Amino acid sequence: MRVLLVEDHQAIREMIADHLRERGFAVDAFERGEHALAGARVAPFDAVVLDLGLPDIDGMQLLMALRTVQPEVPAIIVTARDGVEERLRGLNSGADDYIVKPFNLLELEARLRAVLRRVGSRRETRYSLGGVAFDTVSREATVLGRPLDLTRREAALLEELLRVPGQVLTKDRLEDRLYAMEDAGSANALEAAVSRLRRKLAQAHAAVSIETKWGIGYRLIEEPSA
Ligand code: CA
């Protein structure tokens, strides 16, 4: 899951970004609204965490602009303004939830998962193929009901592949979904994640395999049972 974080206070921004990354989200963090909007146009995102008081644009206006790029994307407003009026304005402008500073990171994470789950109830949140299942909200993977221990990158990769079984996903698209912009780093990161995931699936006797389409990308297919 990719989260767009917009917060001009550096320490708060880094604290939220670090926490969410540790918990398995790809986070693109921005200080300014205009940069967030530009970032939103580059790659799709699953949720927005947004400060209201930004240096260049009002957070509510930014949210409306982001929704023209990605309609209905779930949004949580993080703000120091705790007046009832602000709160109502936030919710009326289409934010899904509201959290007032100072706040606990675990609470923010829980609320983020809750809005994702609500939106997810309108979409599919659990994918499965060949005995492998992935829950996009709890981020848990299982093989034949047993938990599969994956890093956050491997989990994100499995999620993308399971979402569209049999369909080839290009490397570009997978990289967009797996890596936030600032850590798009090494060219072999995706290949390395694919081989680790392959190994773990094989060790767990999953009846699926990740097929390489040379020069294009990867797809997940079900293996005929023995
Ligand atoms: Ca601010």
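Axes here are lines fitted to C-alpha atoms, for helices over the stretch in contact, and angles run from 0 to 180 degrees between N-to-C directions. Contact means heavy atoms within 4.5 Å, while helices (H or I, at least four residues) and strands (E, at least two) are DSSP runs numbered from the N terminus. With that in place, helix H8 (residues 189-203) can be described as lying across E11 and E12, running at about 155° to E11. The model is a predicted one, so local features need pLDDT of at least 70 and side-chain atom pairs count only at pLDDT 80 or more, whereas totals for chains, interfaces and linings use all residues. Residues are numbered from 1 along each chain as its sequence is written, and side-chain values use heavy atoms, with hydrogens and water left out.

Three strands make up an open sheet, ordered E10-E12-E11, with antiparallel pairing (two strands pair if DSSP finds at least two bridges between them). Strand E10 (169-170) and strand E11 (208-213) are the edge strands, each with a single partner strand, so one side of each has no neighbour in the sheet. E11 and strand E12 (residues 217-222) run antiparallel and are joined by six bridges; Lys213, for one, has Gly217 in E12 as its bridge partner.

Zooming out, the protein has eight helices and 12 strands. Of its 226 residues, 46% count as buried, where buried means under 20% relative accessible area, exposed over 50% and partly exposed in between (1.4 Å probe, protein chains only). The accessible surface comes to about 11000 Å², and 50% of it belongs to carbon and sulfur atoms; these areas come from the Shrake-Rupley method with a 1.4 Å probe, and for residues only the protein chains shown count as cover. Among contacts with a separation of 6 or more, 59% are between residues 24 or more positions apart.

Next comes the metal site. The calcium ion takes its protein donors from Asp8 (OD), Asp51 (OD) and Gly53 (O), at 2.2 to 2.3 Å. Donors are N, O and S atoms within 2.8 Å of the metal (3.2 Å for Na, K and Ca), and since water is not among the atoms, sites may look incomplete. Along the sequence, the donor residues follow the spacing D-x42-D-x1-G. Asp51 is buried, at 4% relative accessible area, but Gly53 is partly exposed at 31%.

As for charged pairs, the whole structure holds 18 salt bridges (a side-chain nitrogen of Lys or Arg within 4 Å of a carboxyl oxygen of Asp or Glu). One of them pairs Lys101 with Glu7, with 3.0 Å between the closest N and O atoms. This pair links distant parts of the chain, 94 residues apart: Lys101 sits in the loop between strand E5 (97-100) and helix H5 (105-120), and Glu7 in the loop between strand E1 (2-6) and helix H1 (10-22).

Another salt bridge joins Glu109 to Arg23, the closest N and O atoms being 3.1 Å apart. Glu109 belongs to helix H5 and Arg23 to the loop between H1 and strand E2 (26-30), so the pair ties together parts 86 residues apart in sequence. Glu109 is buried at 5%, whereas Arg23 is partly exposed at 39%. Glu34 and Arg32 also meet in a salt bridge, at 3.2 Å from N to O; Glu34 is partly exposed at 45%, and so is Arg32 at 29%. Finally, salt bridges with shared partners join Arg139, Glu159, Glu160, Arg163 and Arg173 into one network.
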